[in-house]
Amino acid sequence: MADLKGILSFFQSSLSTLLADRLDFKYKKKRKGIYSSKMLWAMRFSGFFSAAILMIILSPSLQSFPPAEAIRSSHLDSYIWLPYQASTSQHSSKDEFYFRKATGFRNADECGSTDNKITGVCDRSLVHVAVTLDVVYLRGSIAAVHSILRHSLCPENIFFHFLVSEPSLDTLVRSTIPQLKFKVYYFNPEIVRNLISSSVRQALEQPLNYARNYLADLLEPCVRRVIYLDSDLVVVDDISKLWSTNLGPRTIGAPEYCHANFTKYFTGGFWSDQRFSGIFRGRKPCYFNTGVMVIDLVKWRRVGYTKRIERWMEIQKHHRIYELGSLPPFLLVFAGRVAPIEHRWNQHGLGGDNVKGSCRDLHPGPVSLLHWSGSGKPWLRLDSDRPCPLDALWAPYDLYGHAS
């Protein structure tokens, strides 16, 4: 073990020196997940080489932490067994879920202690994050939460709002991360079942995908802003930076991708019918991914955006104006009216396309959030021993393990 540690230490030291000399890379003592554009240029030489470099820089298990961050970092000290079984295409009904128990998340000194200070979900000092929980994506959701806590300067100030359509998952979360501040909200699938149309991928048709449309109704009125995150991502930067995004007059903020072919998100019938395509008249619509959004719930409630989204879903049932599940209604309502957020907060598409789920590399630029949108999920590819290079960046946050 000592020899192995020595080898790892030598490799890390040598690689750090190489990066410093060749790429003018300066180590960010306070936060992780921030890269220079030169470094990312080097990463693109090879998928496997890029994964190796990023593992050294991002992986909490290999990185040398300043003292305050060592206190905040998770210590995986035991396994817990959760008394339920999964019955999905990804897991046999005989598989039992085991999760390692994560402990030790504490605020840094500059945050101050939260003991007896947080008064509840309405406390103004909280950062609110909404994530869905279901059996199929549960492993990803737990990893996402874990990554947020590991990279947060003030993890005790984060409040998670979990949207569920099945019982007992809150017990699992509480057992895995005992100190987590969270509340579970039941989303009734019947609310949207008759509004959902068939999609290019069956997973996009699940009712819980549409729960984000109802956050303003599900969450307490005192919650004025929320970050919505998909379950197939990890955050490698302090999420409070995303929380502090200035939305200006806009209701939602998200990274926009104006170079993308926006027309492909709707059918030819949509674009040829001015009753529908006219909605974009006077707007400059750009594609944005709804898996990472900052939402002003006060404005959402005042305007009634949930009803507007539902109206487009009703139109879709009769006229077939799009093919991609829950995304197009958001584009119809908000595209061209989004507060732009840096692309670093959604390095999306790592799951490949919606059919093949092929491997992809990172987009140029710095990284604060890695998102495996698309059909390929890192936990499935890792378990099948057919991972993509960048799936190794998701693995350090995985708390799941099969029974031996």
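Mentor: Let us begin with a cut-off: a disulfide is a pair of cysteine sulfur atoms within 2.5 Å. Keep in mind, too, that this is a predicted model.

Trainee: What makes cysteine 359 and cysteine 388 a disulfide?
Mentor: Their sulfur atoms are 1.9 Å apart, and the cut-off is 2.5 Å, so the pair counts as a disulfide.

Trainee: How do you know whether cysteine 388 is buried or exposed?
Mentor: Buried means under 20% relative accessible area. Cysteine 388 has 6%, so it counts as buried.

Trainee: And what is cysteine 359 called, at a relative accessible area of 45%?
Mentor: Partly exposed, because 45% falls between the 20% and 50% limits.

Trainee: What makes the link of cysteine 258 and cysteine 286 a disulfide, and which hand does it have?
Mentor: The sulfur atoms of cysteine 258 and cysteine 286 are 2.0 Å apart, which is within 2.5 Å. The torsion about the S-S bond is about 100 degrees, so this disulfide is right-handed. The pair ties together parts that are 28 residues apart in sequence.

Trainee: Why is cysteine 258 called exposed?
Mentor: Cysteine 258 has 52% relative accessibility, and exposed means over 50%, so the word applies.

Trainee: Which cysteine is joined to cysteine 111?
Mentor: Cysteine 154, with an S to S distance of 1.8 Å. This link is left-handed, with -80 degrees about the S-S bond. Cysteine 111 and cysteine 154 are 43 residues apart. Cysteine 111 has a relative accessible area of 21%, so it is partly exposed.

Trainee: How many disulfides does the structure hold, and what pattern do they follow?
Mentor: The structure holds four. Counting bonded cysteines along the chain, the pattern is 1-3, 2-4, 5-6, 7-8.

Trainee: What is the mean pLDDT of the protein?
Mentor: The mean pLDDT is 79, and 72% of the residues reach 70 or more. Over residues 59–95 the pLDDT is below 50. Where pLDDT is low, the predicted coordinates should not be read in detail.

How values were computed. Residues are numbered from 1 along each chain as its sequence is written. This is a predicted model: local features need pLDDT of at least 70, side-chain atom pairs count only at pLDDT 80 or more; totals for chains, interfaces and linings use all residues. Side-chain values use heavy atoms; hydrogens and water are left out. pLDDT is the predictor's confidence in each residue, from 0 to 100. Contact means heavy atoms within 4.5 Å. Helices (H or I, at least four residues) and strands (E, at least two) are DSSP runs, numbered from the N terminus. Buried means under 20% relative accessible area, exposed over 50%, partly exposed in between (1.4 Å probe, protein chains only).
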